[in-house]
Amino acid sequence: MDTLFFIISKCVGALIQPSTWLILMAGLIPLALTLKRQRLAVTLGWVTFITMITLAVVPVGDLLIQPLERSYPTNPPLTTIDGIIVLGGGEDSESASLWVQPQLGPAADRFTAGLALANRFTEAKVMFTGGSGRLRGAMQNPDSTNSVAEKYFTAQGLSSDRLLLELASRNTTENAKLGYEVAKPKVGETWVLVTSAFHMRRSISSFEAAGWSGLVAYPVDYRSRRFYDGLGWNFNRNIDVLQTAVKEYVGLAAYRLSER
């Protein structure tokens, strides 16, 4: 059932992305011309053009993603903690495999913040939880020898005795369930959850549903800006933030409906 949910979520996720709809709208223009529906083709052309201009200039994604990023306070006060949970997603496994060295992606703050906390709280365990989130890797077994997290953290001086690795999970629900089995947190312990701010609401919900308690949310990797700072010509950045926001809202709804 978990694999089926994973596959469906990936397919639906691709279909609801704004970039997918822009491509479909553009593809309908030559189709309309082929069918000799010139008026429809012109309408589609203008709608596509105006939509792309709007997305290039107006940071719509910032307006959508910022409420998610404000779900938990930044830099929460911490005194004593027993463990640090770093969610996967900050690594670039494909590049790391090609170039034979740890490679981090846009969500690298998950790694750097986790490491900073580990250096601050030297007795705390550090658990990385995350396997392949790619659809083509849905049926593959994890390979611990290729763990970007293990190579990154140990290269930065983190003792292997403190590092816990969970490399089989493919989504947030599995991060929580399989991570719980690896960490085996005791009653009364305090664990800090490190992930992207926009993803924190869904993460906390999933971890609590899996049995975790005493979690402290430590959001990082903020994507939004002040609205007027985002105004300007920046199509690539704006569409990326918009797609991230749409994906997360759909993920929240799906997890709530499936009680994950």
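A patch here is built from residues with over 30% relative accessible area and no salt bridge, joining like charges within 9 Å and nonpolar side chains (Val, Leu, Ile, Met, Phe, Trp, Tyr) within 5 Å. A salt bridge means a side-chain nitrogen of Lys or Arg within 4 Å of a carboxyl oxygen of Asp or Glu, and areas are Shrake-Rupley with a 1.4 Å probe, only the protein chains shown counting as cover for residues. You're looking at a predicted model, where local features need pLDDT of at least 70 and side-chain atom pairs 80 or more, while totals for chains, interfaces and linings use all residues. Numbering starts from 1 along each chain as its sequence is written, and side-chain values use heavy atoms, without hydrogens or water.

First, select Val42, Trp46, Phe49, Ile50, Ile53 and Trp233: together they make a nonpolar surface patch of about 670 Å². Now click on Trp233, in the loop between helix H10 (227-230) and helix H11 (235-257); helices (H or I, at least four residues) and strands (E, at least two) are DSSP runs, numbered from the N terminus. Trp233 is exposed, at 64% relative accessible area (buried is under 20%, exposed over 50%, partly exposed in between).

Step along to Thr244 in H11. Thr244 is buried, at 13%. Beyond neighbours within four places in sequence, Thr244 has contacts (heavy atoms within 4.5 Å) with Ile65, Phe198 and Arg223.

Next, show strand S5 (residues 215-220), where 5 of the 6 residues are buried. Ser196 has Val220 in S5 as its bridge partner.

Note on methods:
Buried < 20%, exposed > 50% of the residue type's maximum accessible area, 1.4 Å probe, protein only. Pairing = 2+ DSSP bridges.
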